Amino acid sequence: MNKIATILSLVFSPLLVPTYGVALALWVSALSSVPVSVRFGVVAVTFIITGVVPLLAIAGMWRLGLVKDPGVNERTERTVPYIITAASYLACTVYLFKANAPLWLVGFLAGAFVAALISLAVNTRWKISAHMAAMGGLVAIAFRMAVSDYAIVDMLWVIVAVVLAAGLVGTARIGLHRHTIWQGVAGAANGFVCVMLLSMF
């Protein structure tokens with residue numbers, strides 16, 4: 001079970017979830033009319049900015065002994081990785097805005113950025129789940145597309161899938177003893193509320 005939980009934690013890392021959210025928006029909303037090559041390009045740039053860059057930075061910190069493990073599970077070691085991750089989310093927000101993405105999609109990354117800042121602040125006193133903040137944001141963008149009629153497909157099963165994924169990730173984090181139930185709930189609420197509010201425009 002620990003192996004499955006670890007795989008879930010890796011697959012739904014906060015460094016990968018923004019890419020999933022952007023890909024979801026580009027393939028199930030009216031943005032699916034954009035040429036495929038352009039959509040893949042946007043997904044690739046999102047992956048590089050929010051995934052590859054912070055991953056390399058955190059891996060470098062690990063190699064230098066600044067963090068005990070690349071998963072950064074110690075609360076006291078999370079400050080700089082949170083700043084790096086928040087900066088990557090902000091950079092991707094600017095990229096999407098300059099690429100003329102609709103504001104609701106820009107708001108997805110802006111919400112992730114704000115959620116990361118909140119997690120950073122909370123982390124000074126209490127460990128909050130970054131994984132669940134990311135999953136809460138993913139659930140929120142799926143809801144936003146559904147309730148605002150941005151989607152071109154029936155979003156019911158998409159929402160069911162992302163909610164189930166969020167539940168599995170939360171269970172995995174608790175099972176690995178990385179977080180308590182309340183740390184997971186707080187993280188999910190943080191991500192969901194931030195993305196829902198900032199994707200309203």
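Aspartate 149 is exposed, with a relative accessible area of 66%. This residue belongs to a predicted model of a chain that has 8 helices and 0 strands.

**Overall fold**

- Read from the N terminus, the elements of the chain follow the order α-α-α-α-α-α-α-α.
- Along the principal axes, the C-alpha atoms fill a box of roughly 45 × 30 × 30 Å.
- Among the 201 residues of the chain, 48% count as buried.
- Of the contacts with a separation of 6 or more, 76% are made by residues 24 or more positions apart.

**Helix 5 and helix 8**

- Helix 5 covers residues 103–123 and helix 8 covers residues 181–198; their axes lie 7 Å apart and the packing angle is about 145°.
- The crossing of helix 5 past helix 8 is right-handed.
- On the side of helix 5, the residues that meet helix 8 are Leu103, Gly107, Phe108, Ala110, Gly111, Ala112, Val114, Ala115, Ile118 and Ser119.
- Helix 8 contributes Asn190, Gly191, Cys194, Val195 and Leu198 to this contact.
- By class, the contact of helix 5 with helix 8 has 10 nonpolar, 5 polar and no charged residues.

**Helix 6 and helix 7**

- Helix 6 (residues 130–147) packs with helix 7 (residues 156–175) at an angle of about 170°, and their axes are 9 Å apart.
- Helix 6 is therefore roughly antiparallel to helix 7, because angles over 145 degrees count as roughly antiparallel.
- From helix 6, the contact includes His131, Met132, Met135, Leu138, Val139, Ala142, Phe143 and Ala146.
- These residues meet Ile159, Val162, Val163, Ala165, Ala166, Val169, Gly170 and Arg173 in helix 7.
- The contact of helix 6 with helix 7 comprises 13 nonpolar, 2 polar and 1 charged residues.

**Loop residues with positive phi**

- Aspartate 149 is located in the loop between helix 6 and helix 7.
- The phi of aspartate 149 is near 60°, a positive value in a residue other than glycine.
- Asparagine 100 is found in the loop between helix 4 (79–98) and helix 5.
- Although asparagine 100 is not a glycine, its phi is positive, at about 65°.
- With a relative accessible area of 70%, asparagine 100 is exposed, because exposed means over 50% relative accessible area.

Note on methods. Residues are numbered from 1 along each chain as its sequence is written. This is a predicted model: local features need pLDDT of at least 70, side-chain atom pairs count only at pLDDT 80 or more; totals for chains, interfaces and linings use all residues. Side-chain values use heavy atoms; hydrogens and water are left out. Axes are lines fitted to C-alpha atoms, for helices over the stretch in contact, and angles run from 0 to 180 degrees between N-to-C directions. Helices (H or I, at least four residues) and strands (E, at least two) are DSSP runs, numbered from the N terminus. A crossing is left-handed if the near helix is turned anticlockwise from the far one by less than a right angle, and right-handed if clockwise. Contact means heavy atoms within 4.5 Å. Ala, Val, Leu, Ile, Met, Phe, Trp, Tyr, Cys and Pro count as nonpolar, Asp, Glu, Lys and Arg as charged, and the others, Gly among them, as polar. Angles under 35 degrees count as roughly parallel, over 145 as roughly antiparallel, 65 to 115 as roughly perpendicular and the rest as oblique. Buried means under 20% relative accessible area, exposed over 50%, partly exposed in between (1.4 Å probe, protein chains only).
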